[in-house]
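Dear colleague,

Please find below the structure I am handing over to you. My notes on it follow directly after.

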Amino acid sequence: MPQVPQTFDALAVRTWCGLALRALGRAREEIDAINVYPVADGDTGTNLYLTLESAAAAVEAVFAGHEAVAAPAPGAAGAGGVPLADAVRAMAHGALIGARGNSGTILAQLLRGMAQVLAADGETDHTDGRGLGLALRNAADSARGAVAHPVEGTVLTVASAAADAACGVEGDCGAVALAAYAGAGVALTATTGQLAVLERAGVVDAGGRGLVAVLAALVETFTGEAPGPSTAPPGPHGPGEEATPAPAGATVSAGTPAAAPADAGAGAGQDHGADAVGACGDGGAEDGHPAFEVIYLLEAEDAAVDRLRDRLDALGDSLVVVGGDGLWNVHVHVDDAGAAVEAGVEAGRPYRIRITHFGLGDAHTGAGAGRVPRERTQRAVVAVVPGEGLAGLYTEAGATTVLARPDEPPASGELVEAVRRAHAREVVLLPNDADLRHTAAAAAEQARAEGVRVALIPTRSAVQGIAALAVHEPERRFDEDVVAMTSAAGATRYAEVTVAERQSWTMAGICQAGDVLGLVDGDVAVIGTDVTATAETVLDRMLAAGGEMVTLVLGDEAPESIAAHLEARVRESYLAVDTVVYRGGRQGALLLIGVE
């Protein structure tokens, strides 16, 4: 048997995240299919997976940052001397910023609740079995407190049962995790009879099903073995029948199937519930449900968030607000999406705003209840873009976009979701960032496994993506189109102008914090003090090798006069070279430059 952690240390956090992500990956489609409450439009499994993928990536980043440490830091445990507090806080933060849907938002709060106990300062640590029980208790309580109107028969019920069972046993982390998993399984089976809509469909709660998979991974983390499945008799339990730790008519372990809906159409769609419903009642919430799901991250003080809860609670239902320490994830279902966003603006600074219309459904799930599946298009382009302005440009050109904000690169699951949203038989994927090549490759492989023909063009900048998109012709044969787009991207040199955040060694010498940097093809080529002068030097170097078209993409913080200055420079010094200017919004770099 491979070596397993004996206490809840940083290595255990890393192992758990990895195992849980794989478990949710295996169970994703099955969990999506059983989401029927309160809206039969669910991608609960997908949302849980994306949330945990963000958490796992944050943990891996912490380990990567400690790889150079020669000796473990005080209080550290696990590879690279990573302190437990760093690992669990990264896990919680990653889940918070990557949370998707009701289910993902509540999972983020569950992980945050665990982190608050495991990372707490004090004379006594909480890395043993008793500490794990306390962490699960705090997780369940904090998740319940984050929901405006908790409903039983959801993931909240399953989390509370897991915590009750964990706190009722003595032993090491493996024993406590196993008790939590068993308790969650019993509660999950019972959800079928707790909500009428679940009983009609003959399924268990989808969010609870996902939590059972996550707890199974916790058991495997501390025992080295996945817990054995427990089988329940088919169909919902009748009065007086004893529930066993498995969904009705199914087997529960990490990634194994649960019952499918009695009406196959009722289970298709997107996760907008199954977890935390506002004032929807216990079933029948499908009729008259609000039209929009609104999700955003919010930087705000606690007092402002309290007022925001009251405001949003009056606007709609399914309200979940999680987070703390100035950063929050807000989720609500409303008819007036604009009012929900405006409430966030009044409370603080909302960003990464996502608005989904329930009636439209998601491309990857086909029809919702009673809807005819939408026919796939032949070909689509999916592109990662660094700012809202470029997102609009790419969208106008027909691409499906994934927004990458500074220091928040998208995970592979988000790219896969965009491929599904494009709903095409053939997809051209443009990562537009050299650092995203492995993420994009993983997404392409997953999409291919789902039957989509995917070509990955290794664009390293958004300006290369613009060049590729300009020659895209869906009517051509797929291979010919990909070759033409690849050629156009490869013929485009790219550069950016940005500001150094710290002192660093570069190819052009040592830069200081606040210096203006000009990067050409990914390497620092110019260090200056003035943005416009540095940009001009970069542009001259690029055009020294020739060029026919200059593309300038301005960030929000670029000087107002820079575009006119550079256009004049090209017009006066380089014959037969055209210039086009776009506004990229909050794209990280002050300026992107492309020369074709």
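Two strands are taken to pair if DSSP finds at least two bridges between them; helices (H or I, at least four residues) and strands (E, at least two) are DSSP runs, numbered from the N terminus. This is a predicted model, in which local features need pLDDT of at least 70 and side-chain atom pairs count only at pLDDT 80 or more, while totals for chains, interfaces and linings use all residues. Residues are numbered from 1 along each chain as its sequence is written, and side-chain values use heavy atoms, with hydrogens and water left out.

In strand E10, Arg 453 is the bridge partner of Glu 426. Strand E9 (residues 424–430) runs parallel to E10, and four bridges join the two. Both belong to an open sheet of four strands with parallel pairing, ordered E8-E7-E9-E10. Strand E8 (400–403) and strand E10 (453–456) form its edges, each pairing on one side only.

Helix H12 (residues 388–396) lies across strand E7 (377–385) and E8, at about 170 degrees to E8 (axes are lines fitted to C-alpha atoms, for helices over the stretch in contact, that is, heavy atoms within 4.5 Å; angles run from 0 to 180 degrees between N-to-C directions).

Yours sincerely
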